[in-house]
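Please keep the sequence and the model in view while reading.

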Amino acid sequence: MATILPDVSRTFSEYLLIPRLTRKRQTAASVDLSTPLSRRTKGEGARFNMNIPIVSACMQAVSGGDLSIALARQGGLAFVFCSQPIQSQVEMVYQVKTHKAGFVTSDSNVTPETSLAALIELMKQTGHSTIAVTEDGSATGMFLGLITDNDFWEFEDDLSGAVKDYMTALENVIYGIEGLSLKSANQLLHKSKKECLPILDDAGRLNSLVFKKDYVDHRRHPMELLDDTKRLCVGAAVNTHDYKDRAPALVEAGADALCFDSSDGFTEYQKEGIDWIRDNFGNDIIIGGGNIVSAEGFDYLVKDGNVDFVKVGMGGGSICITREQKGVGRGQASALLDVVARRDEYFEETGIYIPVCSDGGLANDTQIVVALSMGADFVMMGRYFAMTEESPTPRTSINGQIYKPYWGEGTTRAQNWQRYDDAMSSRVMMFEEGVDAYVPLVGSLANVMATTLYKLKSTMVNVGADSLADFKKNAILTLVSEQSVVEAGTSTVFQFSSNRELEGKSWGNRD
């Protein structure tokens, strides 16, 4: 007969945190939310850390280019969905990596003979107002000058005229030499009161550009997640079918992390994929595996030491119906506790720490807090981000309220046969493991996340934690009875709320 586990399959809503000592010096502002994304050895730091413990789900209705940019600017990481052609996913990754940076490769260039009409068309296509002029019109050609939209009048000047008659020539351009630090480049921009600083090599060829606006933007987003060259970080999903083609293209585009997107990661297909990527790209790329719901699944994925983090969860997402359709899965809290316990044992046995991601089963901010207190290093969410301005789906008005479409990767709409296909089936989904729905628009990602992160920090202060590591160590949780849920509610009073109060409600209660 089947093995029956003695424990009940539990969810986050069944637990509450017990307060611990709050010290006088503790404030929410001083709490450190940084967390590792990559495996580490005892006594050493992780190769990759995030500034906040939040990533976005590998979903069509969630992780597009704009949301990936917005999340990286808040300190988190998005995983661009893989249920699309390789080239379009690559373009989304490239969009993030080129959004802002310290030293920017000039992707819009002209020659001195280019007409103003062609220049204007290029500016409209790219949105750039400053264009480098090189001898051959390439990003690394001999640098001859700069031209901006302030150097001519579109409706007054002869648009057949050449750029050379309007540009600022090299001898009048303030520039830096390759090898200059970003700090020194910004100081030179400040001193010269310029908006753009070209960086040239010793031979006078264009190497890169540094912009004042990038410096200003960074100062406004001090928590943004950047790589070694000051570009925003971004992750990308891969599947077990075409990873040998998809992974190299994504790494070439600049993806900082790859994550296998699967409802069930406890498979030989995924283990082979993880091992292949590690063998071909070494430790230069972060690799995530999953999803799993047991200690057994954890042990399988981490053997051979190639996976950096594992995702936990099956059937707990708001648009996932795997449990209903197949009778497979586990309550998210039970799954997380089981895997975290095994992760900690594994660390004691081997000295290797594997970060754990709790994916799904998060209905509100409180449950994010509970998941992190139970030992998750970070959480992955879909609906949370699908409701923001930056998600890739269009606004839709329903009965006077604005909504956004939200569907699972296991739906027919997603056309994501690769996520569920096996070697014996055709490229047709025989049944769905997700639903197609709408979620209310709640505002910008920055505004919604500000509330979530403040709640998390405030709770950490309640349990005397200065960091996420302290939080996991200090947390004491208690199971909640049905009567406790009633007691915690407000059903015995009449409520009314101002608009300000409504705007501050938990995102999970807006459905």
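Two strands are taken to pair if DSSP finds at least two bridges between them, and it is in this setting that Val-312 stands opposite Ser-358 in E19. The model described here is a predicted one. Its protein chain holds 17 helices and 24 strands, and 51% of its 511 residues count as buried. Among the contacts in the chain with a separation of 6 or more, 65% are made by residues 24 or more positions apart.

**The closed barrel**

- Eight strands form a closed barrel with parallel pairing, and they run in the order E5-E6-E14-E15-E16-E17-E19-E20; neighbouring strands of this sheet are turned by 25° against each other on average, if direction is ignored.
- Strand E15, residues 257-260, pairs in the parallel sense with strand E16, residues 286-292, over three bridges, and within this pair Leu-258 has Ile-287 of E16 as its bridge partner.
- Helix H6, which spans residues 243-253, lies across E15 and strand E14 (235-238), and its direction makes an angle of about 170° with E14.

**Strand E19 and its two partners**

- Strand E17 (residues 309-312) pairs with E19 in the parallel sense over three bridges, while E19 also pairs in the parallel sense with strand E20 (residues 378-381), again over three bridges.
- On the E20 side, Asp-359 stands opposite Met-380.
- Strand E19, residues 356-359, is covered on both faces, for Val-356 and Ser-358 on one side are buried, and Cys-357 and Asp-359 on the other are buried as well.
- As background to this arrangement of faces, the side chains in a regular strand alternate between the two faces of the sheet.

**The open sheet**

- A separate description applies to an open sheet of four strands, which has mixed pairing and the order E7-E8-E9-E10. Strand E7 (109-110) and strand E10 (168-169) stand at its edges with a single partner strand each, and therefore one side of each is left without a neighbour in the sheet.
- Strand E8 (residues 130-134) and strand E9 (residues 143-148) run antiparallel and are joined by five bridges; the bridge partners here include Ile-131 with Ile-147 of E9, and Thr-130 with Thr-148 of E9.
- Strand E9 also pairs with E10 in the antiparallel sense, over two bridges, and Leu-146 has Thr-168 of E10 as its bridge partner.
- Five of the six residues of E9 are buried, so this strand is largely enclosed by the rest of the structure.
- Helix H3, made up of residues 116-126, lies across E7, E8 and E9 and runs at about 70° to E9.

**The largest pocket**

- The largest pocket holds about 930 Å³ of space, and of the 36 residues that line this pocket, Thr-130, Glu-195, Cys-196, Leu-209 and Phe-211 are the closest to its centre.
- Helix H2 (86-97), strand E9, strand E13 (206-211) and helix H5 (212-220) each supply at least two residues of the lining of the largest pocket.
- By residue class, the lining of the largest pocket divides into eleven nonpolar, 15 polar and ten charged residues.

**Two buried loop residues**

- Met-374 is found in the loop between helix H11 (365-373) and strand E20, and with a relative accessibility of 6% Met-374 counts as buried, because the cut-off for this class is under 20%.
- Leaving aside its neighbours within four places in sequence, Met-374 is in contact with Phe-12, Tyr-15, Ala-333, Leu-336, Leu-337, Val-340 and Leu-477.
- Met-374 and Ile-476 are 102 residues apart along the chain, and their C-alpha atoms are separated by 9.0 Å.
- Glu-224 has its place in the loop between helix H5 and strand E14, and at 5% relative accessibility Glu-224 counts as buried.

Conventions
Residues numbered from 1 in each chain as written. Predicted model: local features only at pLDDT ≥ 70, side-chain atom pairs only at ≥ 80, totals over all residues. Heavy atoms only, no water. Contact = heavy atoms within 4.5 Å. Axes fitted to C-alpha atoms, helices over the stretch in contact; angles between N-to-C directions. 1 Å grid on protein atoms, 1.4 Å probe; cavity = no way out; pocket = protein on both sides within 12 Å on 5 of 7 lines; lining within 4 Å. Points joined across faces, edges and corners; volume = space filled by probe spheres on them. Nonpolar A, V, L, I, M, F, W, Y, C, P; charged D, E, K, R; others polar. Buried < 20%, exposed > 50% of the residue type's maximum accessible area, 1.4 Å probe, protein only.
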